[in-house]
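Thanks for coming. I will go through one structure and pick out a few local features. Please have the sequence and the model open.

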Amino acid sequence: MDVRRRQPKSPHRRRHGDDRKDLRLSAPAGAVDRRGEPPPSSSPKASDALPLPLCLTNAVFFTLFFSVAYYLLQRWRDKIRSSVPLHVVTLPEIAAIVSLIASFIYLLGFFGIGFVQSFISRASHDAWDVLDDEVAGDGYLPEDGDPRRAAIACPPPKLAEPEPIDSALSSVEDEEVVKSVADGKIPSYSLESMLGDCRRAASIRREALQRMTGRSLKGLPLDGFDYASILGQCCEMPVGYVQIPVGIAGPLLLDGLEYSVPMATTEGCLVASTNRGCKAIYASGGATSVLLRDGMTRAPVVRFGSAKRASELKFFLEDPVNFETLALVFNRSSRFARLQSIKCSIAGKNLYMRFTCSTGDAMGMNMVSKGVQNVLDFLQSDFPDMDIIGISGNFCSDKKPAAVNWIEGRGKSVVCEAIIKEEVVKKVLKTSVHSLVELNMLKNLTGSAVAGSLGGFNAHASNIVSAVFIATGQDPAQNVESSHCITMMEAVNEGKDIHISVTMPSIEVGTVGGGTQLASQSACLNLLGVKGASKESPGANARRLATIVAGAVLAGELSLMSAISAGQLVNSHMKYNRSSRDITKVGS
């Protein structure tokens, strides 16, 4: 037969040949090919030359390898301890070394048998390509002894295909919109208003993104979310949503009431640790909290031609005679906004004015900003030379660590305390009062001072604050100032019990607006009994939520400090915060 040389074919073409070849080689007894001859038997494998069954041989060499390796390690350890040179070996050690090398060579060869066979079969690409065409065409198979037979018996390994991009399109019309978005003819941000269907807009945007980037979003959920609920207020241009597990710590006994605290987190041990702190507090009679201040801030920056002129506005704003007029102008922005104070700071000819106001059950950033704008417009008539640089001059200070928040407070300022009994410290927390007090002084107080910490005189307040914030729909970025906390511990009752407290001057939370309206977050607020606005006392739900956050921080501080004191931190994290899951197989 005339065999023509051809260019190597793609692996995908070979794979089709593999399937046909496998069918032909596994034909039943008595089958014949198109020439009327019976199909030859498969070629022998390298493993057929082993004197014992393959599984038994493998077991013998695995056992031998690890046994002699353990023996040699033990002998070398004894030599090191007795100062005997390692190169001085006995006859049993020589035999062990030889056995180790032999078993290693076998195991290396065993794991390489399949690779070697396939490698040999790929030695002649031309033979393989010709065979591929012949098997696909006239059904011809080489006769025994033909080297091309080995190419059929041992095909090259199949190459992994790229992960397909999932598609959620439901119509030809959607396909056209996707192409227009990918080509830049339709702005992605306009899909909701153009289509009038938020779910469909997210699906089309998602498909266009996958095509433009060439990367799959498989694993990022699309269905099961109300996209209309976030339109214009929570998130722009959505393509899905991220799932975060929610755990429950509690019951937290705070101010005579029990709370099951929802915590959204991906950090192992966090919920379990906070739950242990809640247990210790509950067993000791509960914790109490006090709300010290409640006021959101906004600080615009304005500029004058001279520092003297800037100081004139400062004196005007801080004069008690003018406060009632300014409050009247400010409070027009909302029926809940009530101006509390104005404090000013000058930097050259620039004036920073820090407005503080109550905001009801809302976190209140938008509310206070509207009030500030009203006052700035009012001041323009008496101070026409005032140049408004920005509605926020960072003297607020929002989403940044700042001494002004640590000292003056922002949002809700809360202190929460509890006395933990000696037997609870020993049985539940597995440590002692003396150890906790000493650790708190050296870690939370002295250690934080050495580090130059600003509002960080605690063990891990931000852990609990972030988890509760995400679960209840708060702004996660405000964790920065909301986690300002100083943890204090002191031995009381003749040194038998311990008094622990957390003081948090700037917890910024709300129970209406923003992410609190979403179904999942709203359910978590409902679990705490603070969903929505309080009808009896405006602002009561937000204030209670702030005290719950402080109570949860108290429980988290108590448990983590106890774990560190007892030397349990590493062991617990190795047990609960380590995954043996192969992340490369997730979603496959």
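Pro251 sits in strand S1, which covers residues 246-254. The model is a predicted one. What joins Gly250 and Pro251? A cis peptide bond joins them, with omega at about 10°. There is also a cis peptide bond from Cys396 to Ser397, where omega is near -5°. Ser397 is in a loop, the one between strand S7 (387-390) and helix H13 (403-408).

Staying with the backbone, look at Lys430. Its phi is positive, about 60°, although Lys430 is not a glycine. Lys430 belongs to the loop between helix H14 (422-427) and helix H15 (433-450), and its relative accessible area is 48%, so Lys430 is partly exposed. Asn493 likewise has a positive phi, near 55°, in a residue other than glycine. You will find Asn493 in the loop between strand S10 (485-492) and strand S11 (497-507). Asn493 counts as partly exposed because its relative accessibility is 47%.

Next, salt bridges. How many does the structure hold? The number is 20. I will show a few.

Arg199 pairs with Asp223, and their closest N and O atoms are 2.4 Å apart. Arg199 itself is partly exposed, at 31% relative accessibility.

Another salt bridge is formed by the side chains of Asp294 and Lys412, at 3.3 Å from N to O. Here the linked parts of the chain are distant: Asp294 is in strand S3 (residues 288-298) and Lys412 in strand S8 (residues 411-420), 118 residues apart. Are these two buried or exposed? Asp294 has 17% relative accessibility, so it counts as buried. Lys412 has a relative accessible area of 2%, so Lys412 is buried as well. The cut-off for buried is under 20%.

Then there is Arg303 with Asp387, where the closest N and O atoms are 3.4 Å apart. Since Arg303 is in strand S4 (residues 301-303) and Asp387 in strand S7, the pair ties together parts 84 residues apart in sequence. Arg303 is partly exposed at 37% relative accessible area, and Asp387 is partly exposed at 35%. Salt bridges can also share partners: Lys308, Arg309, Glu312 and Asp385 are joined into one network that way.

Leu339 is in strand S5 (residues 338-347), and it is buried because its relative accessible area is 8%. Its C-alpha atom is 8.4 Å from that of Gly371, 32 residues apart along the chain. Leu86 lies in the loop between helix H2 (54-81) and helix H3 (91-121). With 44% relative accessibility, Leu86 counts as partly exposed. Together with Leu73, Trp76 and Ile80, Leu86 forms a nonpolar patch on the surface, with about 410 Å² of accessible area in total.

Last, the largest pocket. Rolling a probe the size of a water molecule over the atoms shows where empty space is left. The volume of the largest pocket is about 1300 Å³. Its lining has 44 residues, and Cys234, Gly473, Gly515, Leu518 and Gln521 lie nearest the centre. By class, the lining has 23 nonpolar, 17 polar and 4 charged residues. Which helix supplies the largest share of the lining? That is H18, with 4 residues. Helices H12 (365-382), H16 (461-472) and H18 (519-528) each supply at least two.

Technical notes:
Residues numbered from 1 in each chain as written. Predicted model: local features only at pLDDT ≥ 70, side-chain atom pairs only at ≥ 80, totals over all residues. Heavy atoms only, no water. 1 Å grid on protein atoms, 1.4 Å probe; cavity = no way out; pocket = protein on both sides within 12 Å on 5 of 7 lines; lining within 4 Å. Points joined across faces, edges and corners; volume = space filled by probe spheres on them. Nonpolar A, V, L, I, M, F, W, Y, C, P; charged D, E, K, R; others polar. Patch = residues over 30% accessible without salt bridge, like charges linked within 9 Å, V, L, I, M, F, W, Y side chains within 5 Å. Areas by Shrake-Rupley, 256 points an atom, 1.4 Å probe, with all protein chains shown as cover. Salt bridge = Lys/Arg side-chain N within 4 Å of Asp/Glu carboxyl O. Buried < 20%, exposed > 50% of the residue type's maximum accessible area, 1.4 Å probe, protein only.
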